[in-house]
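Here is a short briefing to read with the sequence and the 3D view side by side. Take it one topic at a time, and find each residue as you go.

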Amino acid sequence: MTAAFLALGRADIGLTGLAASGGLIAVGVGISLWRGLGLERSLLWAALRALVQLLIVGWALQLVVDPDDSLIWSGVWLLFMLLFAAWTTAQRAAGVPKVFALSLLAYALSGIVTLGVLFGFQVYELEGRAIVPLAGIVVGNSLSATVLVSRQLLEVASEQRGVIEGRLALGLSARDAFQPHLQRALRTALVPQIETTKAVGIVALPGAMVGLILAGVDPADAVMVQISVMYLVLGSVATTTTVMSLGISHELFTPAQQLRRL
Amino acid sequence: MPEQTSHLKALNSQTRSVGLGVGPAVQPGSGFGLGSGLRSNVDTGGIVKGSTVECVAGRTGFSLREVAAGPPEAPILTDITVDLPEEGIILIVGPSGSGKSTLLRLLNRLDDPLDGAITWRGEALSAMSPPTLRRQVGTIFQRAPLFEGSVLDNFRVADPDVSPERGGHVLEHVGLSAALLDRDASTLSGGEAQRMCVARALLTRPKVLLADEPTAALDIDARMSIEGLARQLADEGIAVLWVSHDTDQVRRLADHVLAIVDGKVAAFGHLSELDTHADPIVRRLIGAPT
């Protein structure tokens, strides 16, 4: 599989190609101006920011893709990635108790479990060029689902307070009293990913596979990589949201099994 | 209230052991785990000492000592000391925001006090497992919390092993048709939903029932039927602590009244005794005849 990643090096669209693709942003800006959407600045800022971020990432990736380089650089990268993801989650799900610590734990555990399987069974070789992108897939795809499940649990704890306390008042433990809400929130977070996985190849061709094919990789190899990536995404989203929601459920209640006021 | 006072005295004049007649799952004489029912025949009302009230009526259930509760930055209850008898119906009254509901939530540990001590039947609440306490001290809320599914599904939250037969018996016991057992709980009327919640609470065999303005959102017919149900349960030996701001309801329902004003106990005693209370606020809260 490493060959597939190495093949990326063959793709070279050059500055002209980059500029041409950037012209597509002009289309978006034109539409915004035409329809009075007021999104021109946002579109340009998003395009510029993505360009700068990816150029920096590309430069930084040089540090980790060389097989001769120490895995410490990959470790540093992973740590930064985890901290940034946890910080982003904390910003987007403000109000959730201990959200930074919980999301950091969730992403880390998810990474250990999913990447542990992939590297443990030697699906990919344990080297920087595999560790960093795969960890990025784990964290990147789990982030929105984690934010979603966190926000939903916070909302439920407030809006469904009467029902939750109704169960507590019947002598249910905090865990049992919150279980139906936890299940619903997890389903909501996981179903989109499951549906995306079901529709893959029919509705849309996944990005990683398209990228590999464009880079000149045999489509059969690209499909194999894509399948492993999809399973990785599904597993990581499931693991992260589960850890996160269990952690939040725990934090929502006091040791005396009382629903906290947030 | 003379008929209620005499009614209570009649109840107190005998040691009773009652069953709720809800089918074979309930042993004769056990009620819903009620056990011995009312034992005391002492009926002396309460003595007010400043904000401290000593109650010498019947068996003491909850005892509160210098209890403060509410948000730490602005406590709602500041100094509650009272012994509440475990019999009949105790109405908890007070102006809006005086801490009536706050007090009720302390008694089943949905909240804990900021300060002070609460015991139930001599045991510190803080030392009791909250789920165990809550199964013995049932709660009825102002807005009946309905769980997803049928009435039977709701019952199974309280008692996972409840049979349809027993569920039907419990429904009939609270004045509802057993045929409602398969109805989606969300389709019940306000009065039916509140009765169903009482039935659901009874499945844990409570010894005390806390009711936080349970009829505030109901029409007059439903209100009267829930009040009748509370009286029935009190007669069967399940003590009821009922929060209300409706003076007519206080006069219809109360055996004892606990008046809370400004986070403190303003008065506690039999309704008839409080009718002549020195504090006009207390007299107004209970709708005392002028």
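With 8 C-beta neighbours inside 10 Å, A127(B) counts as exposed, because a residue needs 12 or fewer to be classed that way. Keep in mind that this is a predicted model.

**Around A127(B)**
- You can find A127(B) in the loop that links β7 (123-124) to α3 (130-136) in chain B.
- From C-alpha to C-alpha, A127(B) lies 21 Å from D79(B) in space, and the two are 48 residues apart in sequence.

**Chain A as a whole**
- Chain A has ten helices and zero strands, so its pattern along the sequence reads α-α-α-α-α-α-α-α-α-α.
- Taken along the principal axes, the C-alpha atoms of chain A fill a box of roughly 65 × 55 × 35 Å.
- Chain A has 262 residues, and 33% of them count as buried.
- Among contacts in chain A with a separation of 6 or more, 73% are between residues 24 or more positions apart.

**A closer look at α8(A)**
- How far apart are the end C-alpha atoms of helix α8 of chain A? They are 38 Å apart, which agrees with the 38 Å that its 26 residues (174-199) should span at 1.5 Å a residue.
- There is also a kink of about 40 degrees in α8(A), and it is centred on P180(A).
- The buried residues of α8(A) include A174(A), A177(A), F178(A), H181(A), L182(A) and A185(A).
- An α-helix has 3.6 residues a turn, so residues three or four places apart point the same way.
- Which helices do the buried residues of α8(A) pack against? They pack against α6 (128-159), α7 (161-169) and α10 (219-252) of chain A.
- After α8(A) comes G201(A), with a positive phi near 90 degrees.

**Where α7(A) meets α8(A)**
- The axes of α7(A) and α8(A) are 8 Å apart, and the two helices pack at an angle of about 145 degrees.
- Their crossing is right-handed.
- On the α7(A) side, I164(A), R167(A) and L168(A) meet A174(A), A177(A) and F178(A) of α8(A).
- Sorted by class, this contact has five nonpolar residues, one charged residue and no polar ones.

**Where the two chains touch**
- Chain A brings 15 residues to the contact, and chain B brings 20.
- On the side of chain A that touches chain B, α7(A) gives the most, with seven residues.
- That side of chain A divides into seven nonpolar, six polar and two charged residues.

Conventions: Residues numbered from 1 in each chain as written. Chains lettered and ligands numbered in written order. Predicted model: local features only at pLDDT ≥ 70, side-chain atom pairs only at ≥ 80, totals over all residues. Helix = DSSP H or I, 4+ residues; strand = E, 2+ residues; numbered from the N terminus. Expected span 1.5 Å × (residues − 1). Bend = angle between axes of the 7 residues up to and from the residue. Buried ≥ 20, exposed ≤ 12 C-beta atoms within 10 Å, placed from the backbone. Contact = placed C-beta atoms within 7 Å. Nonpolar A, V, L, I, M, F, W, Y, C, P; charged D, E, K, R; others polar. Axes fitted to C-alpha atoms, helices over the stretch in contact; angles between N-to-C directions. Left-handed = near helix turned anticlockwise from the far one by under 90°.
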